Amino acid sequence: TWSEQEDRMALYGACALIQWPAQRAQVNDWHDPALTLLGASEQDVASPSAGRARQAQLTKQGLEACEDIPRAHQLHGEALLAQLQANELQGEQADGPLEAWYGRALQRFEQAEWAHQVYARALEHWGNSEEAAIAWSDAWALDARDARNVMGMARNRMLEGLDQAALSVAEDALCLAPGLVDAWRSRAELASSLQDQDTAAFAAKVVLCVDPDDATGHRIMASAAEREGELEAALAHLDRAQVGDRGAVVASRLGDFAGALQRAVSTMQENPGNPYNHHRASLAFRRLGNAKDAVGVLEYGISRCGPEDVLLRIYGKLLCEFLPPPVRAQKIDAFIESWGEYGQVLTNFGNVLSRNGDKQGALYTFEAAASLDAEAINPKWQTAQSHMRWEERSKARAVLSTFIDKAQAPHCVALWTELAAEDDLDA
């Protein structure tokens, strides 16, 4: 006869259990409230509209009610993993909820393949690919025919940069389960990274046949279409994949500058910490002739991301191209006020102004940088370089003379030697 635990495990998912005691069949109509709770949590996990926090809470309740049923542990682990991957799980380090769940699951069920699978994916999220490889190997040792384990090992090799080996393992997974979408998706990604574009496009088409909304499939198909010059098709795939940054570029190539602006601004709002997103939005405004917003977006980007070179270069260029000298001077003053404690930042900005023809603004900014540290050579060197750019060789020599005895850099010495040898210096 079965134990009570075996009865409960067999009963889970049904509303009755058939037993044959003493050669006679009978139906025990069991309505276990704990199993009902576990069933409710599983239905909630399957619902795409259910929130991750709610799923974690319900599966925790199901686990507390059904400690003896493996599926209860598995559901809760998967709910915690979903929270972790969405960066919603607190305490995700060594003493976090998933670590505790993993140890508890293996203590109850030594042959729990699913425990190793969930934990391996958590380790991947933490960036610990070496321990993830061990967890996937443990899962594979329990069931070498489970394509999910083989696919996990393929993904692990991909994370370690072993794309060719990962592709080979992914193809092994497809031999075990030709319908496994994850394997086709990884095959598409890996083939694309290995420049096997035909294989990548074929695998992406398979993925999209199963899941028409798959972002990876659309992204790879967009690359294939763009490579063939089919920009409209590429843009449609990029929009389906919600790849706004590349979508902005393709829209611009199609001459749809308004569409490029909308995609660039949307991407910037979604990820304001990426300086390139502000750069793209500024270019989109500029293509539409909106210099004011092109400059404003860059100022916002610098305030969010800091004075990154990709932002400073275009910011200085736009100031020099579009703003009259009085307004430009106000902008330069505001920049120095914001970043006046960072000599290298001011020097870099002065160099941008110099290259774009604002002599007065460049010298003013170099002077502000030099005032922070009387021993700093770089702002003085950039000042000398700017005078050379403007064909003011005598002024360049005068600036060099203030620090050449301390400068050991070959380029400083070479310029000083060149200028000192000239008899006819510009006034």
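This is a predicted model: local features need pLDDT of at least 70, side-chain atom pairs count only at pLDDT 80 or more; totals for chains, interfaces and linings use all residues.

Entry one, a helix pair. I began with α14 and α15, which pack at an angle of about 165 degrees with their axes 8 Å apart. Angles over 145 degrees count as roughly antiparallel, and α14 and α15 are therefore roughly antiparallel to each other. I noted that α14 passes α15 in a left-handed crossing. On the α14 side the contact is made by G244, D245, G247, A248, A251 and S252, and on the α15 side by F257, G259, A260, R263, A264 and T267. Sorted by class, this contact of α14 with α15 holds five nonpolar, five polar and two charged residues.

Which helices each supply at least two residues of the lining of the second largest pocket? I found α13 (231–241), α14 (244–253) and α15 (257–270), with α15 giving the largest share, five residues. The space in this second largest pocket comes to about 210 Å³. Its lining consists of L238, D239, Q242, V243, G244, D245, Q262, R263, S266, T267 and E270. I wrote down the classes as two nonpolar, five polar and four charged residues for the lining of the second largest pocket. Going back to the helix contact, I saw that G244 and D245 of α14 and R263 and T267 of α15 are named there, and G244, D245, R263 and T267 are also named in the pocket lining.

I then turned to the largest pocket, in which about 460 Å³ of space lies. It is lined by 20 residues, and E78, L81, Q85, V118 and R121 are those that lie nearest its centre. The helices α3 (52–65), α4 (70–85), α6 (113–125) and α8 (147–159) each supply at least two residues of this lining, and the largest share, six residues, comes from α4. By class I recorded ten nonpolar, four polar and six charged residues in the lining of the largest pocket.

Next I looked up helix α20 (residues 343–355) and helix α21 (residues 359–372), which pack at an angle of about 165 degrees with their axes 8 Å apart. That makes α20 roughly antiparallel to α21, and the crossing of α20 and α21 is left-handed. From α20, the residues G343, L346, T347, F349, G350, N351, L353 and S354 meet G361, A362, T365, F366, A368, A369 and L372 in α21. The residues of this contact divide into eight nonpolar, seven polar and no charged.

How do helix α22 (residues 378–389) and helix α24 (residues 410–420) pack, and at what angle? I found an angle of about 45 degrees, with the axes of α22 and α24 12 Å apart, and α22 and α24 are therefore oblique to each other. The contact is made by W381, Q385 and M388 of α22 together with H411, C412, L415 and L419 of α24. By class, the contact of α22 with α24 has five nonpolar, two polar and no charged residues.

Notes. Residues are numbered from 1 along each chain as its sequence is written. Side-chain values use heavy atoms; hydrogens and water are left out. Axes are lines fitted to C-alpha atoms, for helices over the stretch in contact, and angles run from 0 to 180 degrees between N-to-C directions. Helices (H or I, at least four residues) and strands (E, at least two) are DSSP runs, numbered from the N terminus. Angles under 35 degrees count as roughly parallel, over 145 as roughly antiparallel, 65 to 115 as roughly perpendicular and the rest as oblique. A crossing is left-handed if the near helix is turned anticlockwise from the far one by less than a right angle, and right-handed if clockwise. Contact means heavy atoms within 4.5 Å. Ala, Val, Leu, Ile, Met, Phe, Trp, Tyr, Cys and Pro count as nonpolar, Asp, Glu, Lys and Arg as charged, and the others, Gly among them, as polar. On a 1 Å grid over the protein atoms alone, a cavity is a set of points where a 1.4 Å probe fits but cannot get out, and a pocket is an open set with protein on both sides within 12 Å along at least five of seven lines; lining residues have an atom within 4 Å of a point. Grid points are joined across faces, edges and corners, and a volume is the space filled by probe spheres set on the points.
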